[in-house]
Amino acid sequence: MGEDLGEDISRARDLLARARRVVVLTGAGISAESGVPTFRGEEGLWKTYRAEDLATPEAFARDPLLVWEWYAWRRDHMSRCLPNAGHVALAKFALGRAAETPASGPTGVISPVVLVTQNVDGLHERAARDASGPSGPAPALPLELHGSIFRDRCSRCGRSTPADAPIDASRLETLPRCGSCGALMRPAVVWFGEALEAAVLARAFAAARAADVCLVVGTSALVHPAASVPIATLQGGGVVLEVNPEETPLSDLAAVSIRGNAGDALPALLAREGLRR
Ligand code: BV8
Ligand code: ZN
């Protein structure tokens, strides 16, 4: 790891060591090293479409087959991806702090980490369950602001089902239909122009407002309202730490912006020894 990266990581570790409340916001970049394409990188294209063209209710109404073809491909691809060192480091960090709660550190009561993700790939949940183990403590599950690609929802009555069967997106007739009302099912994700689930959003912003540190990993910080979560921490008097190989609109607002990949930076940033003062 480069000299300056090490220096940034040690400054960021100092801020984390003193933080009682930590919220984490992740985006597609944390899953890049797991082989999940990001949205706005060049690999974010699918055939000749951009995500914004397909992840909308209008696209689904216009061409449900094309939208389902994209989601079927993504679901199949994501189901074969594994959490990477970045997901694992975050899961262990959250588990470690949950174990410390409610011990009082020198700066007051330590709170469990609140993990907020824009990703729909389920990799944080898999890392959390692996970190806890079959009979371990409750896994630190993420708040999924944009839903999950591994659940379907009825496009008419809203009935939700786990999406474990492969999708045959070859013909309209083979697309999944609701067992209650017969309407087309759709992926249970939040599309552009759709409101996020109010309760999930409220929990994310309440945690961000109360946080001493908001750690932002792997997001271009362009999609709202998710991109405003770190701003809520700043408005509440906390600081922002960023991990991203590229500069983003948040970089200038961050106390430390670590120019590195999540899989390299997070294990160093969140290593337990010495992270509790
Ligand atoms: C809503 C689910 C209102 C689907 C997604 C205010 C201002 C501006 C615009 C708006 C606004 N309010 C609303 C909007 C419109 C819109 C929006 O934000 N548009 C953007 C494009 C300008 N927002 C909405 O429509 C939202 N809805 O506000 O509704 C409303 C209210 C009431 C009633 C009705 C309506 C809904 C937004 C949710 C859209 N759904 N996903 C699916 O996945 O299929 S968004 C999609 O983008 C993904 O969730 C993705 O996570 C998200 C954000 O992208 P990123 O995660 O940041 O990914 P990206 O590729 O952009 O960047 C990757 C980053 O990682 C890069 O910075 C890269 O450098 C970095 N990186 C790469 N490798 C690594 C790495 N970092 C670390 N390590 C690495 N190895
Ligand atoms: Zn239905």
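**View 1. The largest cavity and the residues that line it.** In this predicted model, the largest cavity is lined by His-87, Leu-90, Ala-91, Ala-94, Leu-115, His-124, Ala-127, Ala-128 and Ala-140, where a cavity is a set of points, on a 1 Å grid over the protein atoms alone, at which a 1.4 Å probe fits but cannot get out, and lining residues have an atom within 4 Å of a point. The space in the largest cavity is about 50 Å³, a volume being the space filled by probe spheres set on the points, which are joined across faces, edges and corners. A search of the whole structure finds 1 cavity of 30 Å³ or more. Both α6 (85-100) and α7 (123-132) supply at least two lining residues, and α6 gives the largest share, 4 residues; helices (H or I, at least four residues) and strands (E, at least two) are DSSP runs numbered from the N terminus. By class the lining of the largest cavity has 7 nonpolar, 2 polar and no charged residues, with Ala, Val, Leu, Ile, Met, Phe, Trp, Tyr, Cys and Pro counted as nonpolar, Asp, Glu, Lys and Arg as charged, and the others, Gly among them, as polar.

**View 2. The second largest pocket.** A pocket is an open set of grid points with protein on both sides within 12 Å along at least five of seven lines, and the second largest pocket holds about 370 Å³ of space. Its lining comprises 19 residues, of which Glu-144, Gly-147, Ser-148, Glu-197 and Val-200 are the closest to its centre. At least two lining residues come from each of β5 (143-144), β6 (147-154), β8 (185-189) and α8 (198-210), and β6 supplies the largest share, with 4 residues. The lining of this pocket divides into 9 nonpolar, 5 polar and 5 charged residues. Because domain 1 (1-35 + 83-146 + 196-277) and domain 2 (37-80 + 148-189) both give residues to the lining, the second largest pocket lies between them; the domain bounds come from an automatic or database domain assignment.

View 3. The polar contacts (pairs of N or O atoms within 3.5 Å) include one of 2.8 Å between a nitrogen atom of ligand 1 and an N or O atom in the side chain of Glu-33. Oxygen atoms of ligand 1 are found 2.6 Å from a polar side-chain atom of Thr-219 and 2.8 Å from a backbone N or O atom of His-224. On its own, ligand 1 has 1500 Å² of accessible area, of which the protein covers 74%, as computed by the Shrake-Rupley method with a 1.4 Å probe.

**View 4. The loop between β9 and α9.** His-224, whose backbone contacts ligand 1, is joined to Pro-225 by a cis peptide bond with omega of about 0°. Pro-225 lies in the loop between β9 (213-217) and α9 (229-235). Ala-221 is also placed in the loop between β9 and α9, and has a positive phi of about 55° although it is not a glycine.

**Conventions.** Residues are numbered from 1 along each chain as its sequence is written, while chains are lettered from A and ligands numbered from 1 in the order in which they are written. In this predicted model local features need pLDDT of at least 70 and side-chain atom pairs count only at pLDDT 80 or more, whereas totals for chains, interfaces and linings use all residues, and side-chain values use heavy atoms, with hydrogens and water left out.

Key. Polar contact = N/O pair within 3.5 Å; in protein donor to acceptor, adjacent residues only side chain to side chain.
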